[in-house]
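Colleague: I would like a close look at one part of this model, the charged pairs and what surrounds them. Please go through it step by step.

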Amino acid sequence: MDRVSALDERITGLAAWQLRLPVVSRRDHGIGTVAGGVDVVVLRLTAEGGAVGYGEASPWIVFTGSVEAAFAALTGPLRAVTVGRPVAEIAGIMADAERAVAFVTDAKAALETALLDLAGRMTGLPVYALLGGRCRERIPLSVSLADPDWEADLRLVERLVADGITMVKLKAGTHGHRFDLQRLEDLATKFPALKVRVDYNQGLSPDDALP
């Protein structure tokens, strides 16, 4: 079977699991605190020949909705427009997904990821080849710093730099300007080559945000 005809196989199964992943350190953001754990939905698609593809929905209720809504969408209306269709119909499945249920963008992203993963595994092609080809060799990774224990975040940055990370995002606005300026000064002094992005993430009132 060639690569193109392999995608004529139909999708025979869609399974989803709601999982809680542990958070190793508290993260304070302008729109809330993340601690203890985060809820996600993991999706698995199965083709008639036994190949599988995976996707993940990672909703945050302040932005996109609840994990329960994502799970319900995937196991209900999104399953209905997916199972029984050829794997090759990725664009058609996603168009029908848009019409099948409003919002739940995390669930739709999980479905599209799983479809592309499945197609890639069945054809032996990397997903970038399915999307038109690779346009860069490397993508820089940014890591957010939001632990109220700044010493712990400094130890994290040391590990990140040792691993080759060159950019971080500093979550600001939750513990006062003095704390934010101290962190920026520490980063500039201890890690002068590090690129730093500052993200207030709705952590300021309108009056405080004015220059």
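This is a predicted model: local features need pLDDT of at least 70, side-chain atom pairs count only at pLDDT 80 or more; totals for chains, interfaces and linings use all residues.

Modeller: Residues are numbered from 1 along each chain as its sequence is written, and side-chain values use heavy atoms, with hydrogens and water left out.

The count is twelve salt bridges, a salt bridge being a side-chain nitrogen of Lys or Arg within 4 Å of a carboxyl oxygen of Asp or Glu. One of them joins Asp180 to Arg183, with 2.8 Å from N to O. Both residues lie in helix H8 (residues 177–190), three residues apart, about one turn of the helix. Helices here are DSSP runs of H or I with at least four residues, strands are runs of E with at least two, and both are numbered from the N terminus. Asp180 and Arg183 are both buried; buried means under 20% relative accessible area, exposed means over 50%, and partly exposed is in between (1.4 Å probe, protein chains only).

H8 has 14 residues, which at 1.5 Å a residue should span 20 Å, and its end C-alpha atoms are 20 Å apart, in agreement. The expected span is 1.5 Å times one less than the number of residues. The buried residues of H8 are Asp180, Arg183, Asp186 and Leu187. They lie on the same side of H8, because they cover an arc of only 130 degrees around the axis; the arc is that of the directions from the helix axis to the C-beta atoms. The face turned away from that buried side carries the exposed residues Arg178, Leu181, Ala188 and Thr189. Packed against the buried residues of H8 are strand S6 (142–145), helix H7 (150–162), strand S7 (167–171) and strand S8 (195–199). Contact means heavy atoms within 4.5 Å.

A second salt bridge connects Glu98 and Lys108, whose closest N and O atoms are 3.6 Å apart. This pair links distant parts of the chain, with Glu98 in helix H4 (residues 90–100) and Lys108 in helix H5 (residues 105–123), ten residues apart.

Leu78 leads on to the nonpolar part. The largest nonpolar core has 31 residues, of which Leu43, Leu45, Leu74, Leu78, Val87, Leu111 and Leu115 touch the most other members. At least two residues of this core come from each of strand S1 (11–22), strand S4 (37–47), helix H2 (67–75), H4 and H5. H5 gives the most, with nine residues. A nonpolar core is a set of buried Ala, Val, Leu, Ile, Met, Phe, Trp, Tyr and Cys residues joined through side-chain atoms within 4.5 Å.

Arg134 pairs with Glu137 in a salt bridge, the closest N and O atoms being 3.6 Å apart, and Glu137 is exposed at 65% relative accessibility. Arg85, Glu89, Asp96 and Arg99 are linked in a network of salt bridges.
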